[in-house]
Amino acid sequence: MESPIVISSSNSSERDSSPESDQEGVNNNKRKRLEDEEGDLNVSKRRSEEPLVRVKQKIMFVDETATDDSDLKSKSCEDVEVIKENKDKTKDEDNNKAGTKDDESEEEEEAWEVEEIIDYQYCRESEEGLYQVKWINWGQEHNTWEPEAHLECKDMLVEFYKMRLKEREGATPAEKRALELPPDPRESFQIRQDFIREHCPPPSKKELQAMFIKEQKLAIHKRAKVIPEKMMNAAVDQLAKSSKPNDKKLAWIREQLKIRELHRVRGQQIEDLKKYEKEINEIDPHAFVSILNDADLEGPPRQMQYINAYKASDGINIPDDPFIGCECENCELKCEKTCCGGVAGFQFAYTKHSKLRIDVGQPIYECNKRCACGPECTNRVVQKGRKHKLQIYRTDNGCGWGVRAMENIRAGSFVVEYVGEVITSDEAEERGKKYDAEGRTYLFDLDFNLGDENLYTVDAAFYGNCSHFINHSCDPNLNIFNVYINNLDPNMPQLCLFARREIKRGEQISFDYCQSTGNVNSQDLIASPLKKVKDTEEKERPECRCGSANCRKVLF
Ligand SMILES: [Zn+2]
Ligand SMILES: [Zn+2]
Ligand SMILES: [Zn+2]
Ligand SMILES: [Zn+2]
């Protein structure tokens with residue numbers, strides 16, 4: 001067992017029933033020990049000179065055959081010697097193991113598990129009660145005496161306490177002295193809790209956040225470690241029963257509690273993020289979307305419900321029955337005029353490698369369920385889902401969550417669809433007034449037919465997919481396109497993000513929140529998403545932090 005330095009005086013045990021003569025013997029022993037300790041800091045040297053365990057025998061305090069006090073006492077005196085040696089031995093071993101390190105946080109936790117609490121004695125020398133412990137997988141000769149703070153088995157202590165209470169019922173005074181009653185362990189637990197409550201206010205979220213960010217910058221081996229529970233308990237117990245304040249120790253306890261809390265919060269956060277990651281990949285089972293937050297303690301973004309396609313708001317119907325399809329044998333550039341796009345008066349959108357071949361502002365008409373072609377048709381891209389692994393991650397420059405590519409993406413590739421709740425423009429007007437600047441950036445007008453008043457708006461504030469987390473850039477690597485598949489309502493295109501240029505693995509993906517998706521033939525090039533807030537006063541305009549050379553400095 002390791003012996004925390006905070007209770008380094010607890011090296012021996014004695015009975016408070018010892019008479020003067022025995023006291024003396026114990027005191028002499030104590031003096032001797034102190035000399036040893038003072039005069040010899042080099043533990044290994046002492047070990048070679050002096051055997052540490054002089055008496056190898058089963059430690060047995062309670063002699064049931066004893067009929068009078070003196071018999072009991074003399075036995076106890078001899079036992080004290082054994083106990084002391086055993087404790088010193090374990091302590092020395094630990095000191096040896098730890099080398100010259102004296103930092104309390106450097107000690108390593110060992111897996112010693114309590115099998116049974118055998119006995120309890122009050123040690124006057126160290127002024128604390130000690131429990132005799134039988135350890136799992138260790139013989140009785142390895143039993144040790146431990147202060148309560150060392151023991152994490154509160155249930156066993158309570159059990160022992162109850163048993164001892166029972167044993168003492170009807171016992172003679174002499175027997176009672178042998179069967180010492182420990183303080184109710186439930187009380188000491190309470191005292192510890194009370195002390196912590198009074199002197200160690202729990203760290204605020206902000207404090208933990210600051211600590212986390214500081215720690216993240218350190219190499220892993222330099223980060224603060226959680227010291228074993230029992231060392232904490234011992235330190236708290238020592239302060240709780242001491243009458244003189246010890247600011248240094250208190251500060252150390254507070255720091256430790258903070259580290260503990262940080263570890264707990266971080267552990268919970270990682271677990272929550274994993275759970276969220278699993279959930280969203282079940283909802284959107286295409287290329288994997290991972291979640292990572294090494295920047296702060298923010299948990300999963302649960303204020304938004306994850307969806308994989310438009311969600312119709314009350315009173316809105318999203319058509320799914322196209323009135324027309326193409327009859328091409330093989331949908332390709334050759335039959336551009338008669339394929340879906342051509343019939344609508346537009347170009348064929350894709351190369352044979354499923355990359356865009358049209359300019360921004362042109363709509364995409366993919367083949368639909370009425371078309372004669374099969375699922376392998378090159379004019380079916382968005383409908384097959386995302387192909388590139390992405391990651392929702394916490395940015396470290398104050399831009400909240402962002403999204404990055406987890407593989408290289410070629411220019412013209414479909415990356416992700418912008419989905420959300422489809423609401424009427426009137427509703428969007430209302431919501432826009434209530435939303436703060438951040439909320440408003442999730443409103444995206446479906447305004448393909450520029451010039452006409454748009455009928456619908458997509459609101460991704462509370463329903464969305466990973467596109468919800470894509471940040472704005474004034475020099476984005478994604479473009480937005482209007483896509484029609486099975487819903488041919490010109491006022492309700494799907495909004496799809498395509499790579500504007502080659503995107504490298506690890507690069508953050510972005511689009512211009514102010515990019516118009518409208519027909520390029522129209523005059524009004526700045527339309528979506530924020531016609532709603534054009535009248536917003538200057539002071540309310542959110543600042544752009546995209547960092548690109550041509551940054552407009554404000555979002556809208
Ligand atoms: Zn086709
Ligand atoms: Zn076709
Ligand atoms: Zn078609
Ligand atoms: Zn910018």
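Which residues of helix 8 meet Lys249, Leu250, Ile253 and Gln256 in helix 9? Before I answer, a word on the model. It is a predicted one, in which local features need pLDDT of at least 70 and side-chain atom pairs count only at pLDDT 80 or more, while totals for chains, interfaces and linings use all residues. Residues are numbered from 1 along each chain as its sequence is written, and chains are lettered from A and ligands numbered from 1 in the order in which they are written.

The residues in question are Met232, Ala235, Val236 and Leu239 of helix 8. Contact here requires C-beta atoms, placed from the backbone, to lie within 7 Å. Helices (H or I, at least four residues) and strands (E, at least two) are DSSP runs, numbered from the N terminus. An α-helix has 3.6 residues a turn, so residues three or four places apart point the same way. The axes of helix 8 (residues 229-241) and helix 9 (residues 247-283) come within 10 Å and cross at roughly 145°; axes are lines fitted to C-alpha atoms, for helices over the stretch in contact, with angles running from 0 to 180 degrees between N-to-C directions.

Four strands form an open, mixed sheet in the order 7-16-17-10, where pairing requires at least two DSSP bridges between strands. Its edges are strand 7 (364-365) and strand 10 (414-418), each of which pairs on one side only. Strand 10 runs antiparallel to strand 17 (residues 494-499), and 4 bridges join them. Glu417 is placed opposite Cys496 of strand 17.

Cys496 also belongs to the largest nonpolar core, which has 64 residues; Val415, Tyr418, Cys496, Leu497 and Phe498 touch the most other members. Such a core is a set of buried Ala, Val, Leu, Ile, Met, Phe, Trp, Tyr and Cys residues joined through C-beta atoms within 7 Å. Buried means 20 or more other C-beta atoms within 10 Å of a residue's own, exposed 12 or fewer, and partly exposed in between, with C-beta atoms placed from the backbone. A second, separate core of 9 residues includes Met231, Val236, Leu239 and Ile253.

Finally, the backbone. Most residues other than glycine have a negative phi. Ser354, in the loop between helix 10 (340-343) and strand 7, has a positive phi near 65°. Ser354 counts as partly exposed because it has 18 C-beta neighbours inside 10 Å. Lys553, in the segment after strand 18 (508-511), has a positive phi near 70°. Lys553 is exposed, with 10 other C-beta atoms within 10 Å.

Key: Contact = placed C-beta atoms within 7 Å.
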